[in-house]
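Thanks for coming, everyone. I will take this one piece by piece, so please keep the sequence and the structure in view.

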Amino acid sequence: MNKVGLLSPRILAGELTDHPVEMTAKSAERRLRLFGRRLAIPVSPLSEEGLPDLYLRAYRRNGSEFGSTIWPILDGGRTKAYFGHRNFVDLKLDNESFADFLGTPSGAEDIAPMRYTRPSPGVVSFFGAAVKVKSLAAHRRVSPRFIREFGYQKAVWSILPIAFDPSNYEVLLERCPVCDAELTFGRSLGICFCHACVNPDDPARGLVDLREFPQRVVEMDNYENLDFACSLVKPSVDTKGDVTCSLHPDLRTVGRGEVFEFIALIGRLLDEAAGMKNCASITPQSLDAATDAIRKWPIGFIDVAERIREVWRRPTYGMGRGLRHPIHGEVVAFQKFFGRNFVKLVRDQLRSGLAPNSSPAQPMDRNSRFRRPIPMTKRIGGFDTRCDDQRLELASLLARSSRKIRDEAKFVGLPLVELIAIYEKGLARCPDESVSQYLRPNRSAAGELASCINSRCMGNQDAGVSLYDSVTCLSGGRVLWSGVLEHVLAGLLSIGIVEGDAPLIRRIIVTGMDDVLNALSSSARDAWTDKVVVNNADAGFYLCLPPHEVCKVVTAGLLPLNGIEISALEKFRLMHISGAEILRCLEVNRHPTKSKAKIFEKLNMAGIRPVLRRPAVRDRNLVRDYLIGFGYTC
């Protein structure tokens, strides 16, 4: 975008009141060539001036009281009734025709940066920043102090969420202080005057000079947040420089216009929480608080979200058990504007970062046990993705809503948290870009996980033992899957794959138990997985139980009720062993199994009784000592 520099005092005076003074000989020659096709008194764009502002100044300087009077001359006979910033979106006039009619010095180059385009329905490009069309005012808003000093109006005054002039912090005037008429672009008695207060002796002369009614100045301890919010939509900003570079990396995935609208969304909810509803503009205090929250993402965002969690602009009663928060509801309503990935980011930050409404109590009745919210990975205060642990926790949370990653998890048969660990180590390529942006960029594999595993297959080994069974039984209760697969993909553990419809991890066969033990001994669980919450299906992968039986273990109080974290899952495995895992241990050790009932009957006779009957769960240490007595490895 071409930046328009401030004119010198002499040229500025000629531009606004006296005869125009040419800036260069080239512009004088251009205006001479346009004589007969341009307005009698040409105009030049001023710093931060908008196209409606320039047109109003042009038709008034040429003696017209109404903008509709000279518009047909410009637009080939077509009429126009409204002339506000919102009504200048998608004009059919080309830049050159507009520039020639107004007599601007540089031609189409003067008009192009000021044009508003509509990249998508309901969205307008305002000097390079994508904002909602509804954020543009249809009426005039002026700063009396700025007009008194400089004599023209600025485009940024048309941004409804901003209630003040960014240069002097004066509250904008939207209505005449005498007659209370809403200021308009369609009729003008001069930029400094109210269009409705007319001198009865001279109808073309205004009575109320707006410069005589200065408004209050916004008083803040620090204006840094207000300056930052205004810079996101300021016309004079250099689009080559990224004004959002100081924000958290999560917020750099969207443009500066989207960041501004997100700040405005939060600011409106803050105003509503304070009892101010249905206001087009946002109070400077709420705009300051909303901007501060975004600049301190994610902790500041979560703090503000706590303050407005009970504010609902459109409450519903059939919302199910999904996330109930006004910020999420508003962002979802404008999902096409913000983008699906940003909506998911906001949702997961809110889900994980907000404190529970009340401390979770142990439910007593059956309905309350089974009609509980879906547990999610949480971190009070939100995820700071500049910290590796929190970055990977957020990635594992986003993976739960990624269809591509869920499909890969279903085909391979691994829990989502294990896939994230594999993607992070660069052992396979993450199929979803919205999740891969939170993984290390310098670690990227060439193919997907299934193809990488298949490339390490040494042939069909029907005489081997299932990798899933051997790792489950020989790990001693620890969770070490990502380390084992790292050995497989590095070629340190030879495997074969049998045909079938089961998930890939269940069809991998190994022959050397010593290789498996070596892989387990040199593996360790990633520390960042401690606080990751897994669902019942993924928990069942580690426990050798189907999801409905994991529910029974949770209901019995052996696993946490409000979300099964990996650390709690490993703690459970170190203490307990399921009946299905006992059978796998016997199979791995080539125990002749004729009757499963006999096996458990012998365990009962040895005094190793289940601590939970359905599903059967026993003390791991007692079972291990019993099997070691037979010379088995477990």
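Start with Glu48 and Lys234, whose side chains meet in a salt bridge at 4.0 Å, N to O. This is a predicted model, so please take that distance as a computed one. The pair links distant parts of the chain, the two residues being 186 apart. Glu48 sits in the loop between α2 (25–33) and α3 (51–61), and Lys234 sits in the loop between α8 (224–231) and α9 (256–273).

Lys234 comes out at 30% relative accessibility, so Lys234 counts as partly exposed. The pair also belongs to a network of salt bridges, in which Glu48, Lys154, Asp165 and Lys234 are linked. In total, the structure holds 21 salt bridges.

Which residues does Glu581 bridge to? One is Arg573, with the closest N and O atoms 3.0 Å apart. Another is Arg620, where the closest N and O atoms are 2.9 Å apart. Glu581 lies in helix α27 (residues 579–588) and Arg620 in helix α29 (residues 620–628), so this second pair ties together parts that are 39 residues apart in sequence. As for burial, Arg573 has a relative accessibility of 3% and counts as buried. Glu581 has 2% and counts as buried. Arg620 is buried as well.

Back to α9 for a moment, and to one of its residues, Phe260. At 1% relative accessibility, Phe260 is buried. What does Phe260 touch, leaving aside residues up to four places away in sequence? The list is Ile159, Pro161, Ile162, Ala229, Leu232 and Val233. A further distance to note is the one to Cys230: 30 residues away in sequence, and 8.2 Å away in space, C-alpha to C-alpha.

Staying with helices, look at α18, which covers residues 416–424. How many of its residues are buried? The count is 9 of the 9, so α18 is largely enclosed by the rest of the structure. The buried residues include the glutamates Glu418 and Glu424, along with Tyr423. As a reminder, an α-helix has 3.6 residues a turn, so residues three or four places apart point the same way. Just after α18, Gly426 takes a positive phi of about 75 degrees.

Strand β4 is residues 198–199 and strand β5 is residues 202–206, and they pair in the antiparallel sense over 2 bridges. Here Val198 stands opposite Gly206 in β5.

Stepping back to the whole chain, there are 29 helices and 12 strands. Of the 634 residues, 53% are buried. The accessible surface comes to about 29300 Å², and carbon and sulfur atoms account for 50% of that. Among contacts between residues at least 6 apart in sequence, 65% join residues at least 24 apart.

Last, confidence. What is the mean pLDDT of the chain? The value is 83, and 87% of the residues reach 70 or more. Over residues 314–322, though, the pLDDT is below 50, and that stretch has 6 contacts in the model beyond near neighbours in sequence. Residues 358–372 also stay under 50, and for these the model has 12 contacts beyond four places in sequence.

That is what I have; I am happy to go back to any part of it.

Notes
Residues numbered from 1 in each chain as written. Predicted model: local features only at pLDDT ≥ 70, side-chain atom pairs only at ≥ 80, totals over all residues. Heavy atoms only, no water. Helix = DSSP H or I, 4+ residues; strand = E, 2+ residues; numbered from the N terminus. Buried < 20%, exposed > 50% of the residue type's maximum accessible area, 1.4 Å probe, protein only. Contact = heavy atoms within 4.5 Å. Areas by Shrake-Rupley, 256 points an atom, 1.4 Å probe, with all protein chains shown as cover. pLDDT = per-residue confidence, 0-100. Pairing = 2+ DSSP bridges.
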